[in-house]
Amino acid sequence: MIEYIKGELAELTPALATVEAGGVGYGLNISLNTYTAIQGKKEVKLYVYEAIREDSHALYGFAGKKERELFELLISVSGVGTNTARMVLSSMSPAELCDSISTGNERLIKSVKGIGLKTAQRIIVDLRDKIVALGITDEIPVGGMMAAPVNNKVKDEAVSALTMLGFAPAPSQKVVVQILQQQPDAPVEEVVKLALKQIK
């Protein structure tokens with residue numbers, strides 16, 4: 001089992017980080033929280049979750065152990081797969097997610113693409129005690145806001161991230177452009193978070 005990968009950050013998009021360690025480039029699926037935390041760094045250490053199935057072997061990378069623990073808790077819930085769990089962690093910070101679970105805010109959890117009311121309720125019921133037991137509620141979101149680059153760059157990266165998360169490019173672009181018109185200085189991760197709440 002791979003516990004973590006430490007090495008040079010070779011490539012980074014809001015949905016994928018490529019870390020070179022020992023001459024091997026590891027492609028790790030990441031959440032927007034991790035993207036924010038490692039952006040601008042040359043050397044990174046990402047905690048790994050391996051999703052091994054008969055037809056695929058995917059790696060998921062996390063800037064902190066707490067986020068990985070939350071990811072593992074989410075996929076333990078019936079009806080929540082790895083992509084849905086990553087979507088949840090891209091739509092809200094670990095602290096927001098823990099707050100939503102502990103306060104029973106099913107409406108906020110249900111606002112994440114791919115999660116219906118029953119699944120949101122299941123997440124709250126299954127995980128409420130577990131997040132307290134693990135002490136994950138103490139987690140404070142990591143990373144800071146990046147300086148706003150040229151809007152086209154933000155637009156392209158945001159659309160690319162949404163496409164990688166499984167959305168069609170055309171509607172993604174439409175929503176991203178609307179968001180940037182309202183908030184021209186919004187960073188990529190903020191644009192994607194807002195888009196995730198609007199694309200249905």
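This is a predicted model: local features need pLDDT of at least 70, side-chain atom pairs count only at pLDDT 80 or more; totals for chains, interfaces and linings use all residues.
**Helix 3 and helix 9**

- Two packed helices are described by the angle between their axes and the distance between the axes.
- Helix 3 spans residues 82–91, and helix 9 spans residues 188–198. Their axes are 9 Å apart and meet at an angle of about 120 degrees.
- That angle makes helix 3 oblique to helix 9. The reason is that roughly perpendicular stops at 115 degrees and roughly antiparallel needs over 145.
- Helix 3 brings M87, S90 and S91 to the contact. Helix 9 brings K193, L196 and K197.
- The residues of this contact divide into two nonpolar, two polar and two charged.

**Aromatic rings**

- A pair of aromatic rings is described by the distance of the centres and the angle of the planes.
- How many aromatic pairs does a search of the whole structure find? The search finds four.
- A charge meets a ring at Y4. The charged end of K45 sits over the ring of Y4, 4.2 Å from the ring centre.

**K42, in a loop**

- Where does K42 lie? K42 lies in the loop between helix 1 (32–38) and strand 4 (43–52).
- K42 is exposed, because its relative accessible area is 70% and the cut-off for exposed is over 50%.
- Beyond its neighbours within four places in sequence, K42 is in contact with G7, E8 and L9.
- K42 and E11 are 31 residues apart along the chain. Their C-alpha atoms are separated by 9.9 Å.

**S160 and K155, in helix 7**

- Helix 7 covers residues 151–164 and holds S160. K155 has its place in helix 7 too.
- The C-alpha atoms of S160 and A15 are separated by 8.5 Å. Along the chain, S160 and A15 are 145 residues apart.
- Why does K155 count as buried? K155 counts as buried because its relative accessibility is 18%, and buried means under 20%.
- Which residues does K155 contact, leaving aside its neighbours within four places in sequence? The contacts of K155 are Q173, V176, V177 and L180.
- K155 and Y49 are 106 residues apart along the chain, and their C-alpha atoms are separated by 29 Å.

**Q121, in helix 6**

- Helix 6 runs over residues 117–134, and Q121 lies in it.
- Q121 is partly exposed, because its relative accessible area is 32%, a value between the cut-offs of 20% and 50%.
- The C-alpha atoms of Q121 and P169 are separated by 31 Å. Along the chain, Q121 and P169 are 48 residues apart.

Key: Residues are numbered from 1 along each chain as its sequence is written. Side-chain values use heavy atoms; hydrogens and water are left out. Axes are lines fitted to C-alpha atoms, for helices over the stretch in contact, and angles run from 0 to 180 degrees between N-to-C directions. Helices (H or I, at least four residues) and strands (E, at least two) are DSSP runs, numbered from the N terminus. Angles under 35 degrees count as roughly parallel, over 145 as roughly antiparallel, 65 to 115 as roughly perpendicular and the rest as oblique. Contact means heavy atoms within 4.5 Å. Ala, Val, Leu, Ile, Met, Phe, Trp, Tyr, Cys and Pro count as nonpolar, Asp, Glu, Lys and Arg as charged, and the others, Gly among them, as polar. Rings of Phe, Tyr and Trp (its six-membered ring) pair if their centres lie within 6.5 Å; planes under 30 degrees apart count as stacked, over 60 as edge-to-face and the rest as tilted. A charge sits over a ring if NZ of Lys or CZ of Arg is within 6 Å of the ring centre and within 35 degrees of the ring normal. Buried means under 20% relative accessible area, exposed over 50%, partly exposed in between (1.4 Å probe, protein chains only).
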